[in-house]
Structures are given as C-alpha cells and as structure tokens.
Amino acid sequence: MKKMGIVLLLALVFLSGCSRGETSKPTVEPTEPAVVEPVEPEPEPEPSPVMVMDESPVVFQIGDEAEEILPVQQALYLMNYDVDETSIYDEKTEAAVLAFKLTQEDLIPNGECTEWTQERILSEAERRSINEPDSLLVLANKTYYLAADYVPEDLVQPDVFNYYEDKRELRAPAAEALEILFTAAEEEGYKLVFRSGFRSYDIQKIIFERKVKERGFEAANQVSAKPGQSEHQTGLAADITSWSVKNALDEAFGETPEGIWVAENAHLFGFIIRYQIDTVNITKYQYEPWHLRYVGIEDATRIYEAGVTLEEYLGEI
Ligand SMILES: [Zn+2]
C-alpha cells in the first residue's frame, strides 16, 4: 500500500508538471483560481536628465542699439514684462530678459541676451499669439493675445441705450444678443446702459499707457489690459451698467437689482460675467460685474452651470 501511494504521488507530480503542456490539460478545472499576489515590478531607474545649458553667444548687451532688439522688446512687452519699445538694450530690457530667463530651465539666469534667449523669447511670444481670432470662444487674456491689426469684420452698433453719443460696436452675433438681453431686462423692469464694446489695439494702447502713468506698470496691468490682450478687441465684450450706479463701471453694479438680474440671466442670451469676484487668481483681473463676454447660449449656459471661468472651461489655466 505504501508503494502504491508513492507511485500515485509521483504520477500526480508528473501530471502537474506537465499541466502546462498542450496535450495534458487538467480534466478538472480548479473551482477557485489560485490567488496570485501581484508582484510590483521593480521601478526602472530614471535616466538622469541631461540638461544642456545655454552656451550660445551673447547677441545684445546693455547699451546696444539695434533693429533686432525691437521685436524682442515687443515680445517681452506682450508677455507682461515691463519694457519700453526703444530698440535699445537698456536696463529695463535687461531686467525683463533676466525675469524671462528665470522661467526657462535651460537658460542661465542673467540679463545677457544670448542667441538662445532671443530665439526662445520670440518663439514663446509666437506660441501665445491667437490664430483663430474670429472664434466665438476666442481666449484673449494675459497669456494669449491678438495681433495688432486684428479688427473683426462684422462689427455693428447694437440698437440699445448707449452711454456715449458715438455708439460703440460689437460683432454682429454679440450685438444681436445684447439687444435681446436689454429688451428682456426692460420687460422685467431693469433699465441697462451700454457703455463700451469693441476697442482697437491702438485705442487700448492709449488707455493702458495712461493707466501706467497714473499707477505704475504692475498696478495698471491688474486693472487694465495691454493692447492685444483685451477682450474688447475681439468685439465680443460689452461693458454695461445702470442708472442706479450713475452709469459707472463700478463693482457696486454687481449689488444692484440690475446687476443681480444680469448675473443670473446673462447666460440665457449667450453672455458670461467674465471676471468674477473669486476668480482673480485665474483670470488675472479684478472683479468686473459689468464686463459681459459673448460666447453663445450653449457655451454660456455650460460655463454658468459649471461655475467656471472661460480659462477653466477651455482647459487653459
Ligand atoms: Zn470691459
């Protein structure tokens, strides 16, 4: 009997040893699959990054004056650095170049404008230029900007109550939507006033530079848009107000019955309140309950219902 047991055991060992073979599949499937603890694969050692630092030749240094400095200054200006467009590599330009280089891992952080630095500044500025300015979802902000010569082709004067005698313009779909919004407001007893619509690059430049003179560059950049970065240049932004705040563009508008009605209903007409009270860190603008942005009813409703900014909605933060 003992011998028989050993033979059986050997046979079992043999069979189980062959069970992976094609010809000797087990006749009885195990009722419960064996629990196999997953084995964590050994993490592959990360190759250490090879950082090639900028050793390209210096192209501009302090005091230089050259035609090629101007596009670098223009690019830095659009990227929110405080520079003057002089074609002279002055101290302000040097400080801006240093600040830009600090944002780039492979550029040595000093104020020298090397060949790499020059290329990087120009390509970064290029990346941020808007290439579909006519889209109703165009994002013009402190990161993405419109070309100086961009003027929408379908500007019209909305037939609403205007603050200025020279009636301001909007792009046709925004103008039509504003008319409908104003009429709906009036039916509810709210009288609205249209103050500002399309502004060209050049007008925005005058406004921004006036603000810089009044408050300095940083403060101006908080409350006013640089040329190219204003939503008003898209023709899709409308500043509106009401008699109850003496037609001012003021935060108090948000507290008025008119302002509250607009905040609650603008999306039904295709507008969003672009700069909300608690979104300064995303939009980089102060609260502006008067600044409406047209995006179309469908997107405005989604943005309103999700309670997000246009930046978040477009995944651009
Ligand atoms: Zn505005």
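These legends describe close-up views of one predicted model.

**Figure 1. Overview of the predicted chain.** Residues are numbered from 1 along each chain as its sequence is written. As the model is predicted, local features need pLDDT of at least 70 and side-chain atom pairs count only at pLDDT 80 or more, while totals for chains, interfaces and linings use all residues. The protein chain has eleven helices and eight strands. Helices (H or I, at least four residues) and strands (E, at least two) are DSSP runs, numbered from the N terminus. Of the 317 residues in the protein chain, 30% are buried. A residue is buried if 20 or more other C-beta atoms lie within 10 Å of its own, exposed if 12 or fewer, and partly exposed in between; C-beta atoms are placed from the backbone. Contacts with a separation of 6 or more come to 59% from residues 24 or more positions apart. Two residues are in contact if their C-beta atoms, placed from the backbone, lie within 7 Å.

**Figure 2. Confidence along the chain.** The mean pLDDT of the protein chain is 87. Of its residues, 85% reach 70 or more. Residues 4-28 have a pLDDT below 50. This stretch has four contacts in the model beyond near neighbours in sequence. Here pLDDT is the predictor's confidence in each residue, from 0 to 100.

**Figure 3. The four-strand sheet.** Four strands form an open sheet in the order E5-E6-E8-E7, with antiparallel pairing. E5 and E7 stand at the edges, each with a single partner strand, so one side of each has no neighbour in the sheet. On average, neighbouring strands of this sheet are turned by 45 degrees against each other, direction ignored. These axes are lines fitted to C-alpha atoms, for helices over the stretch in contact, with angles from 0 to 180 degrees between N-to-C directions. Strands pair if DSSP finds at least two bridges between them.

**Figure 4. Strand partners, residue by residue.** E5 and E6 run antiparallel and are joined by four bridges. Leu 192 stands opposite Ser 242 in E6. Phe 194 has Ile 240 in E6 as its bridge partner. E6 and E8 pair in the antiparallel sense over three bridges. Here Ala 238 stands opposite Leu 292 in E8. Four bridges join E7 to E8, again antiparallel. Ile 272 faces Arg 293 of E8 across this pairing. Seven of the seven residues of E8 are buried, so E8 is largely enclosed by the rest of the structure. E6 has five of its six residues buried, so E6 too is largely enclosed by the rest of the structure.

**Figure 5. The largest nonpolar core.** This core has 32 residues. Those with the most contacts inside it are Ala 174, Leu 178, Leu 181, Ala 238, Ala 266, Phe 271 and Ile 272. Two or more residues each come from helix H5 (172-187), strand E5 (192-196), strand E6 (237-242), strand E7 (271-275), strand E8 (288-294) and helix H10 (297-306). H5 gives the most, with seven residues. Ala 174 touches Gly 235, Leu 236, Ala 238 and Tyr 294, not counting residues up to four places away in sequence. A nonpolar core is a set of buried Ala, Val, Leu, Ile, Met, Phe, Trp, Tyr and Cys residues joined through C-beta atoms within 7 Å.

Figure 6. Which residues of H8 (residues 257-265) are buried? They are Glu 258, Gly 259 and Val 262. Seen down the axis of H8, the buried residues fall within an arc of 95 degrees, so they line one face of the helix. The arc is that of the directions from the helix axis to the C-beta atoms. The buried residues of H8 pack against E5, E6 and E8. Pro 257 and Glu 264 are exposed on the other side of H8.

**Figure 7. Two loop residues with positive phi.** Ser 87 lies in the loop between helix H2 (69-78) and helix H3 (91-101). Its phi is near 70 degrees, a positive value in a residue other than glycine. Ser 87 counts as partly exposed, because it has 17 C-beta neighbours inside 10 Å. Lys 284 is found in the loop between helix H9 (280-283) and E8. For Lys 284, phi is near 65 degrees, a positive value in a residue other than glycine. Lys 284 has 17 C-beta neighbours inside 10 Å, so Lys 284 counts as partly exposed.
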